[in-house]
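Trainee: I am new to this structure. Please give me a close look at a single part of it.

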Amino acid sequence: MEQSKSDETLGRFLSLVLRHNPAAAQITLDEHGWADVEALLAGCARAGRRIGRDTLERIVRENSKQRYSFNGDHTKIRANQGHSIAVDVELRQAQPPARLYHGTAMRFLESIRAQGITRQSRQHVHLSADYPTALAVGSRHGRPVVLAIDAAAMARDGYVFYRSENGVWLCERVPWSYVLEDGAGLAP
């Protein structure tokens, strides 16, 4: 289901607050990234972004990337991954599929060849289980490149993988030696 422009704008603000800057809504997150829903709604209103509980529930439910989760009784909310602030979203280690994908922009390729795929300002490197998702991610940053990653070899070599609540694969870094040359290339 496609979100309205209003929901999309509110979703971006929620992403800012729940992943990067809770102070933008004058709230705090606990050590696991949870925010009190009532405090979040009040903070959004103070920031000029009025949002009702029904709208928040709809945004969480209909977000195409499933970025957010509620706790069992819907009194708390958090982002599933992508934080640039220190929180422990209680990720569980998982065995990755043999191949994962990383979408990026062509302009970053030389840096990635030299340093590998690094987490930058986030807590983890984000990887996709399928090419189309990685292509969509790379397209957000410019001329897209999709890199195929030998995740099976990384796991055999001791690299730890996690899978977030919304299906994003996460790890600390991906050295260039695990990028499959035949799977690295310009997206169509």
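Trainee: How many residues of the lining of the largest cavity are nonpolar, polar and charged?

Mentor: The lining of the largest cavity has 3 nonpolar residues, 6 polar residues and no charged ones. Nonpolar covers Ala, Val, Leu, Ile, Met, Phe, Trp, Tyr, Cys and Pro; charged covers Asp, Glu, Lys and Arg; the others, Gly among them, are polar. The model is predicted, with pLDDT of at least 70 needed for local features and 80 or more for side-chain atom pairs, while totals for chains, interfaces and linings use all residues. Numbering starts from 1 along each chain as its sequence is written, and side-chain values use heavy atoms, without hydrogens or water.

Now find the cavity. There is 1 cavity of 30 Å³ or more. About 50 Å³ of space lies in the largest cavity. A cavity is a set of points on a 1 Å grid over the protein atoms alone where a 1.4 Å probe fits but cannot get out; a pocket is an open set with protein on both sides within 12 Å along at least five of seven lines; lining residues have an atom within 4 Å of a point. Points join across faces, edges and corners, and volume is the space filled by probe spheres set on them.

Look at the names. Gln-81, Gly-82 and His-83 are among the lining residues of the largest cavity.

Which elements line the pocket? Strand S4 (99–105), helix H4 (109–115), strand S5 (125–127) and helix H5 (131–139) each supply at least two residues. S4 gives the most, with 4 residues. Helices (H or I, at least four residues) and strands (E, at least two) are DSSP runs numbered from the N terminus.

Step back to the domains. The protein is divided into domain 1 (5–79) and domain 2 (93–183), with bounds from an automatic or database domain assignment. In their contact (heavy atoms within 4.5 Å), 5 residues come from domain 1 and 5 residues from domain 2. The centres of the two domains, taken over C-alpha atoms, are 27 Å apart. Both domains give residues to the lining of the largest pocket, so the pocket lies between them.
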